[in-house]
Amino acid sequence: MAKGINIGDEVAITATVRRRVTDDRVSVSIPSYGRPHSIIDMTSNLQKGQHIELIGNVMHLLDGKRVTVNLGIPITVDASVVRLVNAYKAPTRKKPPVDRGGAT
């Protein structure tokens, strides 16, 4: 289960290679997505049935059961098929803000 996943986190989805579409594209099957998806692959060593990890950022959470991930295009999958790679950390301020106004 994908507990602790929030918007902005980097997640991985394990997909299965279906077939090579062209010399530079491969069709993959993503669990719980329901449609084929093609990715760019310049290497020629991927074969049918091989597993590949697709990494993207979480864009949207739906009731804690579905997650929308940006893999070039938004893809909504079950939360159970994603794996957390890196949690999002908001940028921090290096210097405190300075009041430059002259109002006293």
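**D41.** I started with D41 in this predicted model, and D41 turns out to be buried, at 11% relative accessible area (buried is under 20%, exposed over 50%, partly exposed in between, with a 1.4 Å probe and protein chains only). D41 sits in the loop between β3 and β4; strands here are DSSP runs of E, at least two residues long, numbered from the N terminus. Its side chain has a polar contact of 3.0 Å with the side chain of R20. For that term I used N or O atom pairs within 3.5 Å; within protein, one atom must be able to donate a hydrogen and the other to accept it, and residues adjacent in sequence count only if both atoms are side-chain atoms. Beyond four places in sequence, D41 also touches D23, D24, R25, V26 and L46, along with R20 (contact means heavy atoms within 4.5 Å).

**Ground rules.** I'm noting that this is a predicted model, with local features needing pLDDT of at least 70 and side-chain atom pairs counting only at pLDDT 80 or more, while totals for chains, interfaces and linings use all residues. Residues are numbered from 1 along each chain as its sequence is written, and side-chain values use heavy atoms, with hydrogens and water left out.

I looked at the pairing: β2 and β3 run antiparallel over 5 bridges (strands pair if DSSP finds at least two bridges between them). S29 has P36 in β3 as its bridge partner. There are 6 residues between the two strands of the hairpin. S32 lies in that loop between β2 and β3 and has a positive phi near 65 degrees, though S32 is not a glycine. I flagged it because most residues other than glycine have a negative phi. At 32% relative accessibility, S32 is partly exposed.

I then checked the faces of β3, residues 36-40: H37 and I39 are on the covered one, while P36, S38 and I40 are on the uncovered one.

**Core.** Which residues have the most contacts inside the largest nonpolar core? V28 and I30 do, in a core of 21 residues. The core is a set of buried Ala, Val, Leu, Ile, Met, Phe, Trp, Tyr and Cys residues joined through side-chain atoms within 4.5 Å. β1 (10-20), β2 (25-29), β4 (51-62), β5 (66-70) and β6 (74-78) each put in at least two residues, and β1 gives the most, with 4. I listed the contacts of V28 beyond four places in sequence, and they include A15, V17, H37, I39, I52 and L54.

**Strand β5.** I picked two residues here. T68 is in β5 and is buried at 9% relative accessible area. Its side chain makes a polar contact of 2.9 Å with the side chain of T76. T68 also touches N57, V58, M59 and H60, among others.

The N70 side chain reaches the backbone nitrogen of G72 at 3.1 Å. Leaving aside neighbours within four places in sequence, N70 is in contact with G56, N57 and M59. I also took one C-alpha to C-alpha distance: N70 and Q47 are 25 Å apart in space and 23 residues apart in sequence.

**Rings.** Last, R35 lies over the face of Y33, at 5.0 Å from the ring centre. The test wants NZ of Lys or CZ of Arg within 6 Å of the ring centre and within 35 degrees of the ring normal.
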